[in-house]
Amino acid sequence: MRTFNLTVEDAAKICNKYGFSKPKTVIRLEQGMINDVFSIDGKYVIKINTGHPEIPKLKKEKEIYELLLGKVPVPKVFGYDSSKEVLPYDYIIMQHVAGSSLGSIFKDLSKEEKKEWLVSLGSLLASIHSNHFHHFGEEFSKNNFVGEDNYVNFLAKYVHSICEKIGNSNELTNQEIDKIQSFFLNSPLFKINPPASLLHGNFIPDNIIAVNGAIAAVVDWEWCRAGHNEEEIATFLYRNLKLDKEDVISFRNGYEAILPLSKEFEERLYAYNLLYYLRVLPEVKKWSHRPDKQQEYRDETKQLITRVVK
């Protein structure tokens, strides 16, 4: 339920701060599912950190946009403000990229059009993953992520953190949690040394802006991090493509034209999806307004545990 609304008066103060003309209209963009997002005169977008005000995630998003400008299609960012002088939340203001979300048109595409888009999405994600960093992690500072420089060490801490949160949420039993930790820490599938690749964090068609059959921008980078590229590919194939054979082939053709995947990718595919659902699981109890989503995430987690953790 929305509780924050950006007034034209406050939008005018923000525009004045950045030297823009006085706005005439403010329209809510409904694709902002966690934060409140507004368009000003169809020229600028203001994204407000109402969803997790305690986390400076929009500062990271702003810096990632600046880092990727010219490398990946992203909006131009004009500023980030955490002063609370105009709004009681931090926010970023950026270019409004005209177009439609790919998610809104995807179901109406012909078989051939869908195939072409999936090849393009594969190439796009490979271009994103081609950006490498010194460390694995979520915190971003001085054009680099902060964390472990070794994937094995990173995964151990990552899994421990996730399982600790699950334990506090009482979503799984202690026995299930112990089996999960043992699997990820001991399986030879994860004794690997991949580069720390840029992961979008929410790579779905809804976050791709399309114009005239081409990708105009990738938005919503607030949950980006540096990790193993296979994590994000696995969740896209499983959650968005439902592992449809033809769709997977099209997407992988686009991706692997730029970045080949390892022979063990399929063996890690379900495990990385389990890791995704485990990460989200502690938040599920907060979704009382969406009992269908609560049930979906709990069911998927149980099914993947049964499939992955022997």
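## Helices, strands and buried residues in a predicted model

Asp10, Ala11, Ala12, Ile14 and Cys15 are the buried residues of helix H1 (residues 8–17). Residues are numbered from 1 along each chain as its sequence is written, and the model is predicted: local features need pLDDT of at least 70, side-chain atom pairs count only at pLDDT 80 or more, and totals for chains, interfaces and linings use all residues. Side-chain values use heavy atoms, with hydrogens and water left out. Buried means under 20% relative accessible area, exposed over 50%, and partly exposed in between (1.4 Å probe, protein chains only). Helices (H or I, at least four residues) and strands (E, at least two) are DSSP runs, numbered from the N terminus.

Contact here means heavy atoms within 4.5 Å. Just after H1, Gly19 has a positive phi of about 75 degrees.

Cys15 counts as buried because its relative accessibility is 1%. Cys224 is also buried, at 0% relative accessibility. The structure holds zero disulfides, a disulfide being a pair of cysteine sulfur atoms within 2.5 Å.

**Strands around E5**

Four of the five residues of E5 are buried, so the strand is mostly covered. Two strands pair if DSSP finds at least two bridges between them.

| Strand pair | Sense | Bridges | A bridge pair |
|---|---|---|---|
| E4 (residues 77–81) and E5 | antiparallel | four | Val77 and Met94 |
| E11 (residues 208–211) and E12 | antiparallel | four | Ile208 and Val218 |

**The sheet E6-E11-E12 and helix H4**

Three strands form an open sheet in the order E6-E11-E12, with antiparallel pairing. Strand E6 (100–101) and strand E12 (214–218) stand at its edges with a single partner strand each, so one side of each has no neighbour in the sheet. H4 packs on this sheet and touches E11 and E12; the direction of H4 makes about 40 degrees with that of E12. Axes are lines fitted to C-alpha atoms, for helices over the stretch in contact, and angles run from 0 to 180 degrees between N-to-C directions.

Helix H4 spans residues 111–129 and includes His129. His129 counts as buried because its relative accessibility is 0%. Leaving aside neighbours within four places in sequence, His129 is in contact with Ser197, Leu198, Leu199, Asn229, Glu232, Ile233, Tyr255 and Leu259.

**Helix H10**

Helix H10 (residues 291–308) has 18 residues and reaches 26 Å from its first C-alpha to its last, close to the expected 26 Å at 1.5 Å a residue. The expected span is 1.5 Å times one less than the number of residues. Gln294, Tyr297, Glu300, Thr301, Leu304, Ile305 and Val308 are the residues listed as buried in H10. Seen down the helix axis, the buried residues of H10 fall within an arc of 140 degrees, so they line one face; the arc is that of the directions from the axis to the C-beta atoms. An α-helix has 3.6 residues a turn, so residues three or four places apart point the same way.

The cover over the buried residues of H10 includes helix H6 (174–186), helix H7 (229–240) and helix H9 (265–280). Exposed residues Gln303 and Thr306 are carried on the face of H10 turned away from its buried side.
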